[in-house]
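Open the model in your viewer and keep the selection tool at hand. This tour goes stop by stop.

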Amino acid sequence: MTSLSYAAPTSVDDAVKLLAGSAGLAKVLSGGTDLLVQMRSGRLKPELIVDTKKIPGIIGIREENGAFIIGAGTPGAVVEAHAGLNAAWPGLVEALDLIGSTQVQGRCSLAGNLCNASPAADSVPALFAAGATAIIVGSKGRREVPVEQIPTGPGRTSLAKDEFILEFKLPVRPARSSDAYLRFIPRTEMDIAVVGCGISVTLDANGVCTAARVSLGAVAPTVLLVQEAADVLIGHTLDADTLAKLDAVAQAACKPITDKRGTIEYRTKIAGVLARRVAAIAFDRANGIKNGKAH
Amino acid sequence: MAKTYVSATINGESAEFLCETQQTLLDVLRDVIGLTGSKEGCGSGDCGACSVIVDDRLVCSCLMLGVEAEGKSITTIEGIANGDTLHPIQQKFLEYAALQCGFCTPGLIVATKALLDENPNPTETEARYWLAGNLCRCTGYDKVIRAVMDVAADMRGETVA
Ligand SMILES: Cc1cc2nc3c(=O)[nH]c(=O)nc-3n(C[C@H](O)[C@H](O)[C@H](O)COP(=O)(O)OP(=O)(O)OC[C@H]3O[C@@H](n4cnc5c(N)ncnc54)[C@H](O)[C@@H]3O)c2cc1C
Ligand code: FES
Ligand code: FES
């Protein structure tokens, strides 16, 4: 019947060769929480599965010159248990933590969430906001790419057939920097975002924003990095005027669809509200005000 | 198509089996090895009836390939009791009548075991969030949560008033 092969290479070179040499559809396997669901529903019929989890470095977290590097296939539960990441990147950690149940957390990865390329993927706005880069490996060697250049449409990425993500690099965190992520869903667990928003900021000693990145999920075919929203934050404290401008530019960036989770009008309005709330949490955190989880 | 030879540890004993790539760990447990305690409620990661512990992590066995089990240590519901002696979690589920049809119960018990291994003193909120991926059509969850909170206290050597 089917002829589905499986390989679990222990080196990047072997993995790349397998991907390049496959005649039919070859899929990289991390946690499988998207891939297996899609295979079982018959939506995806790969010929080869390349399980990359045995490649050294692809699972785990390390620090290099003050910057965190997260292995592409590291399960959510491992990221959430990491004290250093929780302190420096609480928004990224809380976004990843929102994915699925405890069981899903035992397997789901940042690379899988990004490369599944759902516009509603929860960790992706936080990863965009963080300014993370992906180390991509393939037949032509390795390249480092800003994460926002990876998803190109629902279910599509800019990766070539023989490429996969080895790890994510987070930038070195200046003082008074933090981030936050919120999604809106009609319940508290186990649902897909109607809108998601991730914001990362750096403040000066007076609480004035000196750097910002704002990202919105589920309001366009891909997760969006909203430069106009960052621009209204930079040079300002989070006063009423700044919040109103942020709300307006976040709404203006939306190109959503109407589906069972929300209409175009609803999603657009929610994007503005979420942006305000997420900015408030990120600014508080950057100012050293502890506020627990954003959700 | 050729099957893959896999060697793993299941409930403390070494296990060897042949499986096809598309077979999930749940398929292997139920259909190849004959451990039918883990249930398939959805096959898509939503219900938790297939929960097993793989190298100290709770996962859905329906969302893991059998071939991925190579070299791993797996605990299923069949490995929770000590011979004929029920595990305190199982005993407490009986006492509290924390089950009706019982289809979700293996998954809930394995998930509770993983919770208490990691956090012997969970708050009720923590327990509810931890178990949010285990769906039950019958009990309404309250008896489940009461059983979990009570067995946690017992296992810590306390008794709840
Ligand atoms: C019950 C349930 C609830 C869920 N809830 C949420 C939720 O709330 N929010 C959310 O965002 N998602 C949710 N998901 C979806 C899924 O869990 C996430 O998208 C997860 O992050 C996918 O990661 P993975 O490691 O399991 O990916 P996999 O399934 O292994 O892979 C997903 C895709 O990415 C590709 N890929 C994997 N690793 C790499 C790599 N290193 N390089 C290149 N490509 C790669 C695969 O080929 C595949 O196309 C849920 C899933 C389930 C089953
Ligand atoms: S059968 Fe695995 S989660 Fe439902
Ligand atoms: S007891 Fe019937 S599903 Fe839980």
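The stops below visit a ligand site and then a group of helices.

**Before you start.** This is a predicted model.

**Stop 1: the ligand.** Select ligand 1. Which chains does ligand 1 lie between? Chains A and B are the two on either side of ligand 1. Now show the residues around ligand 1; there are 34. Color the ones that come nearest: A:Val28, A:Thr33, A:Asp34, A:Ser109 and A:Asp122.

**Stop 2: the make-up of the shell.** Color the shell around ligand 1 by residue class. You will find 16 nonpolar residues.

**Stop 3: the elements behind the shell.** Switch to cartoon view and stay on chain A. Select strand 2 (26-29), helix 7 (110-115) and strand 10 (164-169) of chain A. Each of these supplies at least two residues of the shell around ligand 1. Which element gives the most to this shell? Helix 7 of chain A does, with four residues.

**Stop 4: polar atoms at the ligand.** Start with A:Leu35. A polar backbone atom of A:Leu35 is 2.7 Å from an oxygen atom of ligand 1. Go on to A:Leu98. Here a polar backbone atom is 3.5 Å from an oxygen atom of the ligand. Then pick A:Ile165. A backbone N or O atom of A:Ile165 lies 2.9 Å from a nitrogen atom of ligand 1. Now show the ligand surface. On its own, ligand 1 has 990 Å² of accessible area, and the protein covers 92% of it.

**Stop 5: helices 3 and 5 of chain B.** Move to chain B. Select helix 3 (residues 105-118) and helix 5 (residues 142-155) of chain B. Their axes come within 11 Å and cross at roughly 40°. Helix 3 of chain B and helix 5 of chain B are therefore oblique to each other. The crossing is right-handed.

Stop 6: Select helix 2 (residues 88-95) of chain B. How does helix 2 of chain B cross helix 3 of chain B: left-handed or right-handed? First look at the axes: they come within 10 Å and cross at roughly 130°. That makes helix 2 of chain B oblique to helix 3 of chain B. Their crossing is right-handed.

**Stop 7: the last pair.** Keep helix 2 of chain B and bring back helix 5 of chain B. The axes of these two helices come within 9 Å and cross at roughly 135°. So helix 2 of chain B is oblique to helix 5 of chain B. Helix 2 of chain B passes helix 5 of chain B in a right-handed crossing.

Terms used. Residues numbered from 1 in each chain as written. Chains lettered and ligands numbered in written order. Predicted model: local features only at pLDDT ≥ 70, side-chain atom pairs only at ≥ 80, totals over all residues. Heavy atoms only, no water. Near = heavy atom within 4 Å. Polar contact = N/O pair within 3.5 Å; in protein donor to acceptor, adjacent residues only side chain to side chain. Areas by Shrake-Rupley, 256 points an atom, 1.4 Å probe, with all protein chains shown as cover. Nonpolar A, V, L, I, M, F, W, Y, C, P; charged D, E, K, R; others polar. Axes fitted to C-alpha atoms, helices over the stretch in contact; angles between N-to-C directions. Parallel < 35°, antiparallel > 145°, perpendicular 65-115°, else oblique. Left-handed = near helix turned anticlockwise from the far one by under 90°.
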